[in-house]
Amino acid sequence: MDSDQQDDIPFYEKPEWADVVPIPQDDGPNPLVPIAYTKEYSTTMDYFRAISRSQEKSQRALDLTKIVIEQSPSHYTVWHYRQRLLEALSVDLSKELDWTQWMIGENPKSYQIWHHRQVVIGRLSAGGATSTSTISYRDLSETQQKTKRETVQVELDFIASALADDAKNYHAWSYRQWVLSYFGKGPWWDEELAYIDNLLTTDIRNNSAWNQRFYVVTLGPQGLTDEIVQREVQYTKTKIERTPNNESPWVYLSGILNKAKHPLSEVKEFCEGLLEVPRANFSSFLHSTLLDIYEQEAKVQKSAEIVNKAKGEAVMLAEKVDTIRSKYWNWRKDQLKDIVVDA
């Protein structure tokens, strides 16, 4: 029998599996709603249960996990068993990366596959006598820096290709953040801002890219200095001027100021200026930001005039700009009565 004919035979019919006694799934005597597994998958899992119970660590066990995973990509129990086998058998992890790349292409929304790639990359970068995972980038030799940069870049390029297909792939973004942080302080943090800017230039409403920018700016190696805060405020202003009804930059703007413990009033003049722009005047995000600014100022300055400005924004939102949430804005207006003002 030639190799092609062998490949057509199910693994469990091959002689090398004759010694394994499959363990059927036990759903009890009277299962209420039994799952209609295919015969192929059910039989495969019967063999996996047998291998798992005996804790077999062999090449055939590793091959079996691949068969199961390709039938059920989110089977986390099998993924975990495969990770243990990879370590026990000292498998070439570069080949494992090639396989995960193919698997992610077929199943881009499977968290288990992305996590598995994270495990493999972690082991590759931390293993061996030449490991640089715990050494500061600036303390590495030129050759080590080059190797580390290439490793990071390969992963970031791979993630970018996945995001090109689906810019909102949460698992890809989570893995991207892990790569940045795992490999520590390095030039990839600054380069990430350029990547994000390209995404926002293509789609200014890409809320995932705005979230990534917040991650990089607030957790990056430079820290959230006053200079960076002002840079980000100015960057966000230009985006808001283009799309005043886009929620993402408004949330980003308030988030950056809040994270840096800067008062929201720093953008009051900018927001009030937007009131003169017709397409911005009916932005609920503009008016809600002004409401927040005036409310904060009124509490500090104890000014009845500023309280009235805040009430005006609440009324504007409730009656004209965001009527669908009128009850909320009316509640916000009622809360302003509790602000103590000077006589």
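**Reading a predicted model, question by question**

Tutor: The structure holds 21 aromatic pairs.

Student: Why is the pair of Tyr37 and Tyr41 called tilted?

Tutor: Rings of Phe, Tyr and Trp (its six-membered ring) pair if their centres lie within 6.5 Å; planes under 30 degrees apart count as stacked, over 60 as edge-to-face and the rest as tilted. The centres of Tyr37 and Tyr41 are 5.3 Å apart and their planes stand at 45°, so this pair is tilted. One caveat before we go on: this is a predicted model, in which local features need pLDDT of at least 70 and side-chain atom pairs count only at pLDDT 80 or more, while totals for chains, interfaces and linings use all residues. Residues are numbered from 1 along each chain as its sequence is written, and side-chain values use heavy atoms, without hydrogens and water.

Student: What makes Tyr41 buried and Tyr37 partly exposed?

Tutor: Buried means under 20% relative accessible area, exposed over 50%, and partly exposed in between (1.4 Å probe, protein chains only). Tyr41 has 13%, so it is buried; Tyr37 has 36%, so it is partly exposed.

Student: What makes Tyr182 and Phe183 edge-to-face?

Tutor: Their planes are at 90°, with 5.1 Å from centre to centre. Tyr182 is partly exposed at 26%, whereas Phe183 is buried at 5%. Both belong to one aromatic cluster, together with Trp114, Phe158, Tyr175 and Trp178.

Student: How do you know that Arg213 lies over the face of Tyr235?

Tutor: A charge sits over a ring if NZ of Lys or CZ of Arg is within 6 Å of the ring centre and within 35 degrees of the ring normal. Arg213 is 3.8 Å from the ring centre of Tyr235. Arg176 gives another case, with its charged end over the ring of Tyr195, 4.0 Å from the centre.

Student: Why does Arg213 count as buried, and what is around it?

Tutor: Its relative accessibility is 5%, so Arg213 is buried. Arg213 belongs to helix α10 (residues 207–219); helices (H or I, at least four residues) and strands (E, at least two) are DSSP runs, numbered from the N terminus. Beyond its neighbours within four places in sequence, Arg213 is in contact (heavy atoms within 4.5 Å) with Leu193, Ile196, Glu232, Tyr235 and Tyr252.

Student: What makes the link between Glu70 and Trp99 a polar contact?

Tutor: A polar contact is a pair of N or O atoms within 3.5 Å; within protein, one must be able to donate a hydrogen and the other to accept it, and residues adjacent in sequence count only if both atoms are side-chain atoms. The side chains of Glu70 and Trp99 meet at 2.9 Å. Glu70 is in helix α3 (residues 59–71) and is partly exposed at 36%.

Student: Which residues have pLDDT under 50?

Tutor: pLDDT, the predictor's confidence in each residue, runs from 0 to 100. Residues 1–5 stay under 50, while the protein's mean is 92. Where pLDDT is low, the predicted coordinates should not be read in detail.
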